Amino acid sequence: MNVLIKTATIVDPSSKFHNDICDVLIEKGKISKIAKSIANTNNYKTITLDNLHLSQGWFDSSVCFGEPGFEDRDTIENGLKTAAKSGFTSIVLQANTYPIIDTNAIITFVLSKAQNHAVQLLPIGALTKNSESIDLAELFDMKNAGAVAFSDYKKPINNPNLLKIALQYAINFDGLVCSFPLETKISGKGIVNEEFTSTSLGLKGSPNLAEALQVTRDLFLLEYTGGKLHIPTISTAESVALIRDAKLKNLDVTCSVAIHNLCLTDDVLVEFDTIYKVNPPLRIQKDVDALIEGLKDGTIDMVTSDHNPVTIEDKKVEFDHAAFGTIGLESAFGALNTVFSTKKTIQLLTKGKARFGQETSSINEGEIANITLFNPTITYAFAESDIVSKSKNSAFLGQALKGKAYGIIANNKIVL
């Protein structure tokens, strides 16, 4: 793959061309030259786009597609195309398929489906068999097959001893254990944030306490085991404070936050629109402010789209019976770029790879081309026409966004 990118602003603090407007020549998948102007003497494909910016390839630590088993939600092939057109060069695939990804054979299957794509698929293996929180799954075998972490997607490990054993066992092969932060005995049948909005609408609420208790428990277990823990999609001010304190103790813990929990509050629930039914639920502004501060000071390690396709049959029902989840790949950059500066947005979208065992590639001569192309200033109302996913359940439909990805150059391929 040979291509010449013309007149692009490079946004990469690790590059000596950071903030410069340059031409970039890529030959056989490697960056061969970066300069103010490069002549296209070999008649390579040329990319010239409006207000073109380049950064390191973006990374998403929590994505669902459906395949195997739920291809009506989305397939791996279309999901990877969605990720590429949304600017992501690598994504971590969750295990909530049918069958659950809990053996090395299924890890091998999903990796085979992703071969020869521009986007790198990094599979998560289920932490427990069939994600039932009873017995540990085949963690070591899945690690050898290519699993980058272990998690029961959106399902908390209710038995603390099971999580303790998982953390201790995974130490032997440097495995990353993920624990969803929810104490189900406190949350009960809550489906939205327990606050003024839930009370006024008559919807069952799940309090911040349900998340904070589980985070507290998991951090105590981590301190005991000395293991390696990732807490996905925290949503409360209390969780930020707890994890900040844990990091001061030098515990090996990381965490993420879903982009919709940074951009939306439970005020949007007033129309009972099920596209806003997500887990963890949308909280209040106090929590949003704490999450943003946690990203700024490094307490929260990464953002995620928490992309979760849900069919219309599972969303267009009464709020109590609707499925949780929103897609988020297509809106991730535009939404995040309305909350932070473009520089900070790109920093957040390129963080987290190392935690999942992946190397980064800077925009410098001689480096492998792993690049996202984007326009940071275009403004628009996010519409269904912007969605590439098979499922259309986006919490950002109708929202004003700023910035849009053009595509990616990665794995010796171009997707625009």
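Lys228 and Asp174 form a salt bridge in which the closest N and O atoms are 3.1 Å apart; the term denotes a side-chain nitrogen of Lys or Arg within 4 Å of a carboxyl oxygen of Asp or Glu. This pair links distant parts of the chain, 54 residues apart: Lys228 belongs to the loop between helix H7 (208-225) and strand S13 (229-231), and Asp174 to the loop between H4 and strand S10 (177-178). Helices (H or I, at least four residues) and strands (E, at least two) are DSSP runs, numbered from the N terminus. Lys228 counts as buried because its relative accessibility is 18%, where buried means under 20% relative accessible area, exposed over 50%, and partly exposed in between (1.4 Å probe, protein chains only).

The model is predicted: local features need pLDDT of at least 70 and side-chain atom pairs count only at pLDDT 80 or more, while totals for chains, interfaces and linings use all residues. Residues are numbered from 1 along each chain as its sequence is written, and side-chain values use heavy atoms, with hydrogens and water left out.

The structure holds eleven salt bridges. In another of them, Glu67 is paired with Lys113, with 3.2 Å between the closest N and O atoms. Here too distant parts of the chain are linked, since Glu67 lies in the loop between strand S6 (58-63) and H1 while Lys113 lies in helix H2, 46 residues apart. Glu67 is buried, at 8% relative accessibility, whereas Lys113 is partly exposed, at 37%. Asp297 and Arg244 form a further salt bridge, with the closest N and O atoms 2.7 Å apart. Asp297 is partly exposed at 39% relative accessibility, and Arg244 is partly exposed at 29%.

Helix H1 (residues 76-85) is mostly covered, with seven of its ten residues buried. Among them are Ile76, Leu80 and Ala84. The buried residues of H1 pack against several elements, including strand S7 (88-93), helix H2 (104-113) and strand S17 (400-410). After H1 comes Gly87, which has a positive phi near 100 degrees.

Strand S17 also takes part in strand pairing, which requires that DSSP find at least two bridges between two strands. S16 and S17 run antiparallel and are joined by eight bridges; Tyr380 stands opposite Leu401 in S17. Strand S16 (residues 371-381) is likewise antiparallel to strand S5 (residues 53-56), through four bridges, and Ile371 in S16 is the bridge partner of Gln56.

The interior can be described through its nonpolar cores, each a set of buried Ala, Val, Leu, Ile, Met, Phe, Trp, Tyr and Cys residues joined through side-chain atoms within 4.5 Å. The largest has 91 residues, of which Ile91, Leu127, Ile231, Leu262 and Val303 touch the most other members. H4 gives the most to this core, with five residues. Apart from this core lies another, of 18 residues, including Ile26, Ile31, Ile363 and Ile371.

Ile363 is also one of the contacts of Phe17, as are Ile10, Cys22, Ile34, Asn364 and Glu365, leaving aside neighbours within four places in sequence; contact means heavy atoms within 4.5 Å. Phe17 lies in the loop between strand S1 (3-11) and strand S2 (21-27), and is buried at 12% relative accessibility.
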